[in-house]
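Biologist: I would like a close look at one part of this model, with the terms spelled out as you go.

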Amino acid sequence: MSETKTISKKREIQNSPSGDGGAIIQDNLDYTLFSWSKQKNIAPIAVKYGEGVYLYDYDGKRYIDFSSGLMNVNIGHGNQRVTDAVAKQMQEVSYVTPNCVTKIRGELGKKLASITPKGLNKTLFTVGGAEAIENAVKLARMHTGRHKILSRYQSYHGASYGAMSASGDPRKLPADAQQAPNFVHFDIPYLYRWQYGEDETTRASSLLKESIGHLERVIAFEGPQNIAAILLEGESGSSGCLKYPVGYLKKVREICDRHGILFIADEVMSGFGRTGKWFGVENHDVVPDMIATAKGITSGYLPLGALIVSDKIAAQYDDNVLWLGLTYSAHPVSCAAGLEVLKIYEDKDLITNAAAMGTYVDQQVGLLKQKHPSIGDWRNTGLLGCLELVKNRETKEPMAPFNAKPDEMIVMNKVGARLKELGMYTFVRWNYIFVAPPLCINKEQIDEGLAMISDAVSIADEFVK
């Protein structure tokens with residue numbers, strides 16, 4: 001049998017249903033713990049393998065992945081180029097301490113410097129997104145000699161104590177009594193729920209004015225001389241893809257410059273093509289002082305995060321100790337995955353495709369809104385999108401409220417269950433349905449996924465007042 005036929009035969013065997021899903025799920029339920037979930041009466045998918053925009057379980061059922069895993073599998077599932085790059089690196093060396101260097105570490109750092117906004121050329125590699133945020137916060141405090149970090153209420157920056165304290169996500173509330181100190185939150189309303197102004201133009205203008213005014217008041221109350229950094233997502237993600245008022249990040253950049261405050265962009269979710277640009281802040285034509293990122297840097301194939309800093313910040317530590325460090329910083333195998341993934345973005349022109357497919361999704365969701373009265377709003381940048389379902393378009397009463405309790409999620413749980421039944425994996429959170437598929441998706445696959453969403457949203461339509 002030829003090599004090609006041997007590989008094909010192995011793939012055929014791997015892909016064939018085995019019927020072992022139930023036992024595999026039970027082992028996981030018996031011996032492992034699940035994030036953000038009660039531990040009983042849950043029904044996870046037993047994933048056997050993934051290919052492109054699809055996941056397959058042990059019974060042979062196919063699921064279209066409309067959230068790219070955790071908005072991280074940007075290049076799609078099962079790309080063997082990454083497997084080959086990782087295996088090659090492991091054949092050379094799998095681990096060195098961070099005070100040693102490897103060829104792959106320098107190559108990945110150099111590649112990142114070629115795609116980041118101008119003036120951000122040095123990277124500290126971390127294990128993931130939360131660690132990138134933690135180190136950004138520490139570095140901001142060391143660099144400025146200040147201690148306070150300002151961030152948005154409706155945001156998510158990670159699950160470690162510092163990153164979660166910086167977040168405004170309600171998942172932090174059970175442990176809130178022990179939150180890290182010196183994190184201050186401010187609000188940024190979004191246009192769909194902003195009531196002030198007679199038309200959309202005046203509403204948008206008043207929204208920007210009030211949002212910036214609120215931030216400036218918080219800065220005055222806290223004392224600008226105490227504020228090390230303002231931390232904002234390049235584009236909002238799991239909080240509901242909440243759009244910034246037009247011009248907001250440019251105003252934030254001006255405020256930071258005026259007061260000597262650093263601007264940290266959290267690009268963990270919005271980085272690496274997710275928004276149709278390398279980084280989400282590029283949609284706002286601003287350059288931050290630091291970028292904290294992860295997820296798409298390896299497309300989730302291996303854990304890796306990165307804190308990318310400005311040349312000005314980096315220069316401070318030419319003759320001063322940089323008091324940051326991690327055992328697995330610049331892990332060679334993860335770096336190998338990262339460099340190959342960045343090459344795949346370029347070779348497959350995935351960022352251009354993300355922008356084009358994002359426009360196509362916008363058009364098709366516009367048609368869905370005409371069909372489904374429960375669709376109140378659609379917010380999207382590139383392929384980072386979210387449907388907001390409501391019980392009444394005029395009052396905008398949500399189908400489930402912010403931080404909804406279980407008895408308030410009955411309708412949305414039915415919608416989510418229907419999506420899974422139809423063969424879709426994506427996030428349904430509160431009254432949101434997320435649309436963030438891998439960047440390699442095509443129009444036919446988008447149509448396939450949106451048809452499933454249309455079917456499931458019909459359930460919500462029945463509860464529209």
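In what order do the strands of the open sheet stand, and what pairing do they have?

Modeller: This is a predicted model, in which local features need pLDDT of at least 70, side-chain atom pairs count only at pLDDT 80 or more, and totals for chains, interfaces and linings use all residues. Residues are numbered from 1 along each chain as its sequence is written, and side-chain values use heavy atoms, with hydrogens and water left out. The open sheet has seven strands in the order 4-10-9-8-7-5-6, with mixed pairing; here strands (E, at least two residues) and helices (H or I, at least four residues) are DSSP runs numbered from the N terminus, and two strands pair if DSSP finds at least two bridges between them. Strand 4 (120–126) and strand 6 (183–186) stand at the edges, and because each has a single partner strand, one side of each is left without a neighbour in the sheet. On average, neighbouring strands of this sheet are turned by 25 degrees against each other, direction ignored, where axes are lines fitted to C-alpha atoms, for helices over the stretch in contact, and angles run from 0 to 180 degrees between N-to-C directions. Within the sheet, strand 7 (residues 227–233) and strand 8 (residues 262–266) run parallel and are joined by five bridges, and Glu233 stands opposite Asp266 in strand 8.
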